[in-house]
Amino acid sequence: MPAIEAVSIRTILDSRGNPTVEVDLRAAGHVGRAAAPSGASTGTHEVPAFPKGGVEEAIRIFRSDVTPRVMGRETGDQAGLDRLLHEIDGTPNFSRIGGNVAVAVSLANAKAAAAAGGKPLFRYLGGPGSKQLPRPFGNVIGGGRHAIGGTAIQEYLVVSQGPSAARNVFANARAHRLVAQALTAKLPGEPLGRGDEGAWVAKLSDEDALGIVADACRAVESEVGFPVRPAMDLAASEFFRGGKYHYRDRALTTDGQIEFLERLVSDYGVCSLEDPLDQEDFEGFARLTEALGSRCTVIGDDLFVTNVDRLRRGIEARAGNAILIKPNQIGTLSDARAAVDLAHKAGYATVVSHRSGETTDETIAHLAVAFGSLGIKTGTVGGERTAKLNELIRIEEQLHGGT
Ligand code: PGA
Ligand code: ZN
């Protein structure tokens, strides 16, 4: 495997207009490039994206501390590089160099190694066995921290479960369009905006939003002839205060929240619930999984933060049956992969995910295929979202000759 010949960093724009970092890493004349995203509804236990001094401080530390230590390393030694990044950082959670510098270096290294070996990243990381395409989870109505004036629940998604990734991507986009038509019919004269992830924002009750998404799913299903189901990312920690879940018109206790979600799953055929309860409530997650886990995916995002220790605790408690995988939530490719491996070993599903503040970097499409993940959550439309979805279509073409 070739050695690292050069490594550099730049500040680039993310989809919210904030600065983030992009790393170029060269080996055998091939450049691996990776950019890091940022969240808005970040979990309390995830690694900080940037050090206290922000992006400028991250870049300064990259140049003074990271560059000299990584130059000349073998790109094939991903685990060694990722250990070194922890060592350079010297804190338990990348709070000195920031998760975004760590993840950009880590992924750029894998991409350079793949390119130098003449392989696409999904093949380099996943080996010849990586053939399964993930289902796209597409956000169609948004609220919470991603949209001012929207629903309390952060994301209403559609999950198309057709015979190919390409058909699923287009079925999700069709649902996104039908949802817009339903919203303009329901709220005539009201402007219709889009949130951070390209999902529609509307002043609606949470159950009305779900009803509209479920209707759109049924309509698309009858057009395409394969299952299209509604899903939700509640990001419930964002509206959990004083022991209650605060909706527009009422507040629910934990028992009330579990009963409410049981009814929504039964009435609307919801196939996946992400962060349905507060990020500290392993016990509540376990009760909810016991009640709904056979009918629906129960995903921990803020609960697990792509962290093997928190996932281990969840597995022991039987909290959830799936984990969201966000590489910058934990800081390196090896750490993200360890969470995936532990999850799969314990029978948990994995869904690789974008962040609400994204770039056009397409790497997560490759990771979802390499990991053999059930899903990829990366929006439905919008440049930084379609970058990943279109890459998935290209990967499918490489694997199966397209559709
Ligand atoms: P974030 O939200 O990127 O703003 O953290 C995405 C999610 O909660 O899944
Ligand atoms: Zn989430």
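The structure is a predicted model, in which local features need pLDDT of at least 70 and side-chain atom pairs count only at pLDDT 80 or more, whereas totals for chains, interfaces and linings use all residues. Residues are numbered from 1 along each chain as its sequence is written, chains are lettered from A and ligands numbered from 1 in the order in which they are written, and side-chain values use heavy atoms, with hydrogens and water left out.

The protein contains 13 helices and 16 strands, where helices (H or I, at least four residues) and strands (E, at least two) are DSSP runs numbered from the N terminus. The C-alpha trace spans about 60 × 50 × 45 Å along the principal axes of the protein. Of the 403 residues, 58% are buried, a term that stands for under 20% relative accessible area, while exposed stands for over 50% and partly exposed for values in between (1.4 Å probe, protein chains only).

Contacts, defined as heavy atoms within 4.5 Å, were also examined along the sequence: among those between residues at least 6 apart, 69% join residues at least 24 apart. The protein exposes about 15,100 Å², of which carbon and sulfur atoms supply 49%; these accessible areas come from the Shrake-Rupley method with a 1.4 Å probe, and for residues only the protein chains shown count as cover. There are 44 positive and 50 negative side chains, and the centres of the two sets lie 2 Å apart. In this count Lys and Arg are positive and Asp and Glu negative, with His and the chain ends not counted, and the place of a charge is taken as NZ of Lys, CZ of Arg, CG of Asp or CD of Glu.

The zinc ion (ligand 2) is coordinated at 2.0 to 2.2 Å by Asp233 (OD), Glu274 (OE) and Asp301 (OD). Asp233 belongs to strand β8 (residues 228–233) and Glu274 to strand β12 (residues 272–274), so this pair ties together parts that are 41 residues apart in sequence. Both Asp233 and Glu274 are buried. The spacing of the donor residues in sequence is D-x40-E-x26-D, where donors are N, O and S atoms within 2.8 Å of the metal (3.2 Å for Na, K and Ca); water is not among the atoms, so sites may look incomplete.

Helix α8 (residues 282–292) has as its buried residues Phe282, Gly284, Phe285, Ala286, Leu288, Thr289 and Leu292, and their cover includes α7 (254–268), β12, β13 (297–300) and α9. In helix α7 lies Leu264, which is buried at 1% relative accessibility. Apart from neighbours within four places in sequence, Leu264 is in contact with Glu207, Leu210, Met232, Gly269 and Val270. Leu178, for its part, is placed in helix α5 (residues 165–186) and is buried with a relative accessible area of 14%; when neighbours within four places in sequence are left aside, Leu178 is in contact with Ala216, Ala219, Val220 and Glu223.

Several loop residues were also considered. Most residues other than glycine have a negative phi. Ala28, in the loop between β2 (19–27) and β3 (30–35), has a positive phi of about 50° although it is not a glycine, and Ala28 is partly exposed, with a relative accessible area of 42%. Arg318, in the loop between α9 (308–317) and β14 (322–325), likewise has a positive phi, near 60°, and is exposed at a relative accessible area of 65%. Gly225 occupies the loop between α6 (206–224) and β8 and counts as exposed at 67% relative accessibility. Pro37, in the loop between β3 and α1 (54–70), counts as buried at 13% relative accessibility; residues up to four places away in sequence not being counted, Pro37 touches Asn100, Asn328, Arg355, Gly357 and Glu358.
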